[in-house]
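Biologist: Let us go through this structure together. I will ask what backs each label, and you set the value against the cut-off.

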Amino acid sequence: MSRGGVARVSISIPPDLLKELDDMLKKIGYDRSKAIRIAIRNFLTDYKWTQESGDVAGALILLYDHKSRGIEESLTDIQHEHGSIITSTMHVHLDKENCLEIIAVKGSSRSIKELAERMMKEKGVKQLKLAVVTK
Ligand code: NI
C-alpha cells in the first residue's frame with residue numbers, strides 16, 4: 001500500500017533479532033523505519049553489482065592466519081594470476097598471528113567475483129569482505 005510517497009510493509013523478524021535491533025536503535029537514536037531503509041540500501045549496494053556485467057572498482061579486505069601453512073605463497077600466487085585487475089595491495093601485520101590485506105581491484109564484475117571466491121577457498125583465510133563501488 002502506498003500513501004504520501006512511502007509504502008507501508010509488514011515484515012517477519014525473529015524476536016531475538018528485533019530486540020537486538022531495538023537495543024541498538026536506542027543507543028544510536030534511529031527509529032526502525034530509518035534503520036530498515038539504511039539496511040535495504042546497503043543490501044542493494046552489496047548485491048546489485050553482482051548481477052551486472054560492467055566494470056566496477058573496489059577493495060577486497062582479507063584477514064588471514066599467516067601461520068597457516070603455505071597461505072602467504074598461495075595468496076601471492078593468486079594475486080599474480082589476477083594481476084590485470086589488481087591495482088595495489090596493502091599488507092598490515094596485525095599481531096603475531098593475523099595479517100590484514102587490502103587489495104584494490106578494478107575490472108569486470110565477473111573477474112572480481114572470481115578473485116574473491118578463489119581467495120575465500122584458501123585455508124587460513126578467516127574473513128573476506130568485498131566493498132564495491134559503481135559509477
Ligand atoms: Ni603480515
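Modeller: Start with a pair: Asp22 and Arg32 form a salt bridge, with 2.7 Å between the closest N and O atoms. Asp22 sits in helix α1 (residues 15-28) and Arg32 in helix α2 (residues 32-48), so the bridge ties together parts 10 residues apart in sequence. This is a predicted model, where local features need pLDDT of at least 70, side-chain atom pairs count only at pLDDT 80 or more, and totals for chains, interfaces and linings use all residues. Residues are numbered from 1 along each chain as its sequence is written, and side-chain values use heavy atoms, with hydrogens and water left out.

Biologist: Why is the contact of Asp22 with Arg32 called a salt bridge?

Modeller: The term asks for a side-chain nitrogen of Lys or Arg within 4 Å of a carboxyl oxygen of Asp or Glu. Asp22 and Arg32 give 2.7 Å. The label therefore holds. In general, side chains of opposite charge can pair when their charged atoms come close.

Biologist: What makes Asp22 and Arg32 buried, exposed or something in between?

Modeller: Buried means under 20% relative accessible area, exposed means over 50%, and partly exposed is in between (1.4 Å probe, protein chains only). Asp22 has 23%, so it counts as partly exposed. Arg32 has 42% and is partly exposed.

Biologist: How many salt bridges does the structure hold?

Modeller: Five. Among them is Glu97 with Lys126, at 2.9 Å from N to O. That pair links distant parts of the chain, 29 residues apart: Glu97 in the loop between β4 (86-93) and β5 (98-108), Lys126 in strand β6 (residues 125-133). Glu97 is at 36% relative accessibility, so it is partly exposed. Lys126, with 39%, is partly exposed. Another bridge joins Arg118 and Glu122, with 3.1 Å between the closest N and O atoms. Arg118 has 32% and counts as partly exposed. Glu122 is buried, because its 17% is under the 20% limit.

Biologist: How do you know which elements count as helices and strands?

Modeller: They are DSSP runs, numbered from the N terminus: helices are H or I with at least four residues, strands are E with at least two. Helix α1 also passes a length check. The expected span is 1.5 Å times one less than the number of residues. For the 14 residues of α1 that gives 20 Å, and the end C-alpha atoms are 20 Å apart, so the two agree. Just after α1, Gly29 has a positive phi of about 75°.

Biologist: Which atoms are the protein donors of the nickel ion, and what makes them donors?

Modeller: Donors are N, O and S atoms within 2.8 Å of the metal (3.2 Å for Na, K and Ca). Water is not among the atoms, so sites may look incomplete. Along the chain the spacing is H-x1-H-x5-C. His93 is exposed at 63%, whereas Cys99 is buried at 2%.

Biologist: What makes a set of residues a nonpolar core?

Modeller: The members are buried Ala, Val, Leu, Ile, Met, Phe, Trp, Tyr and Cys residues, joined through side-chain atoms within 4.5 Å. The largest core here has 20 residues; Leu60, Leu62, Leu75, Leu115 and Met119 touch the most other members. Elements giving two or more residues to this core are β3 (55-65), α3 (71-81), β5, α4 (109-120) and β6. Contact means heavy atoms within 4.5 Å. Leaving aside neighbours within four places in sequence, Met119 contacts Leu60, Leu62, Leu75, Ile78, Gln79, Ile103, Val125 and Leu128.

Biologist: Why is Ser109 called buried?

Modeller: Ser109 has 1% relative accessible area, so it falls under the 20% limit. Ser109 is found in helix α4. Beyond its neighbours within four places in sequence, Ser109 contacts Trp49, Glu52, Ser53, Gly54 and Val56.
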